Amino acid sequence: MSFHHPSFGTIADDRVIIFDTTLRDGEQSPGFSMNLEEKLRMAHALSNLGVDVIEAGFPVASEGDFESVRRIAEEVRGSVICGLARSGGKRDIESCGEALKKAERPRIHNFISTSPLHMKYKLRMEPETVLEIIASGNQKARQFTDDVEWSAEDGSRTDPDFLCRCVEVAIRNGANTINIPDTVGFATPEEMRAIFTMLRERVPGADQVIFSAHNHNDLGLGVANTLASVEGGARQIECTINGIGERAGNAALEEIVMALRTRHDQYGKTTGIETTKLLGMSRMLATITGFDVQPNKAIVGRNAFAHESGIHQDGILKNAATYEIMTPESVGWNKTSLVMGKHSGRAAFRDKLAQLGYPPLEDEALNAAFARFKDLADSKKVVFDDDIRALVDDESRDHER
Ligand code: KIV
Ligand code: ZN
């Protein structure tokens, strides 16, 4: 089975669309705001990375946001450029349409809350009013572009029967992508899988649209929920570089892309992402925002391909697949790093000496140097190349005396 989409044409069944919202939801992380020039650099890089849809901002939110969406729409080619709008906002959709005027392939993404909690306390609206706004919002958006996405904010906490009605109304009134966010990161993978399965089974017209997953990470389940959504039939994934976003963030693009690639046997899906550019993209965002990723961050953290334990280092030297499920080069790193520390073994130490250009040592000399290395490693967190050079040079000098 394949989908037909106004911006993408026919989409093969094994392809998932990567929708990056680093510049919109990501920028909503406290302290992560970017200026116009930074957003433009990021948008060019995201397009170059192979992102299918770039959510460039929320034009009605501020003049700065409008201008950055407008400039990105004018300059960036290759990806669909998307702007966010509230379905019932006074000027949201017009402002979005205006900002996207010069885009090669513009998308308007409109949303309204559908959960009982949000309708009662945030919107103060009856469900029937929300249904009317869904209809009018999508119709209005279609006056500007034929690529329209609609989101059920707090969708994962919405009554299933009402969610089906909302989605049906959104489709009948012109949406061709339907996004079901787990806005507060509350859902479990089983629940997300079930929501998409249910919508695809129950909603008339569901086979004419692309379902989209948008998972926040409040319980650390953003990526797991996204993968489960794909199993339930979602064909678009909304995510951010380094997983930045409101509160605990959004599902991380680099983790989802590499999970789909590394476990193709499980999910059977591909993306258009050039994975060797993932590290560069992550670094660019960290440099622009001033927030580095944690060392143990999957894929792009500095320890993601670093091995310190002797047993692991020995395995890696014999066959990297023993402790690496993807190659570091496939995501942009130069190579595996064997970190020299107190857990390192003799094999890694010998290999390090060869890398540093030392001729192979006799067993006795190697044992003596290794013993000194272990003493040093006990007193230091990481032993650097210069420490090892000093230690071997001292050892040779002692030997000559
Ligand atoms: O998390 C969310 O519900 C959102 C919507 C605006 C799509 O970001
Ligand atoms: Zn969100």
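In this predicted model, the largest nonpolar core holds 86 residues, and the members that touch the most others within it are Ile-18, Ile-54, Ala-56, Ile-81, Ile-178 and Ile-256. Helix 9, which spans residues 253-262, supplies the largest share of this core, namely six residues. Apart from this core lies another one, made up of eleven residues, including Met-340, Phe-349, Ala-369 and Phe-373. In soluble globular proteins, nonpolar side chains tend to be buried together.

Which residues does Ile-54 touch, not counting those up to four places away in sequence? The contacts of Ile-54 comprise Asp-20, Leu-23, Ala-43, Leu-46 and Ser-47, together with Ile-72, Val-76, Ser-79, Ile-81 and Cys-82.

| Core | Number of residues | Some members |
|---|---|---|
| Largest nonpolar core | 86 residues | Ile-18, Ile-54, Ile-256 |
| Another core, apart from it | eleven residues | Met-340, Phe-349, Phe-373 |

At the level of the whole chain, 45% of the 401 residues count as buried, and among contacts with a separation of 6 or more, 72% are between residues 24 or more positions apart. The chain has 15 helices and twelve strands, and its C-alpha atoms fill a box of roughly 90 × 40 × 40 Å along the principal axes.

An unreviewed UniProt entry annotates residues 16-279 as "domain: Pyruvate carboxyltransferase".

Definitions and conventions:
Residues are numbered from 1 along each chain as its sequence is written. Chains are lettered from A and ligands numbered from 1 in the order in which they are written. This is a predicted model: local features need pLDDT of at least 70, side-chain atom pairs count only at pLDDT 80 or more; totals for chains, interfaces and linings use all residues. UniProt positions are given in the numbering used here, feature names are shortened, and annotations may be inferred rather than shown by experiment. Helices (H or I, at least four residues) and strands (E, at least two) are DSSP runs, numbered from the N terminus. A residue is buried if 20 or more other C-beta atoms lie within 10 Å of its own, exposed if 12 or fewer, and partly exposed in between; C-beta atoms are placed from the backbone. Two residues are in contact if their C-beta atoms, placed from the backbone, lie within 7 Å. A nonpolar core is a set of buried Ala, Val, Leu, Ile, Met, Phe, Trp, Tyr and Cys residues joined through C-beta atoms within 7 Å.
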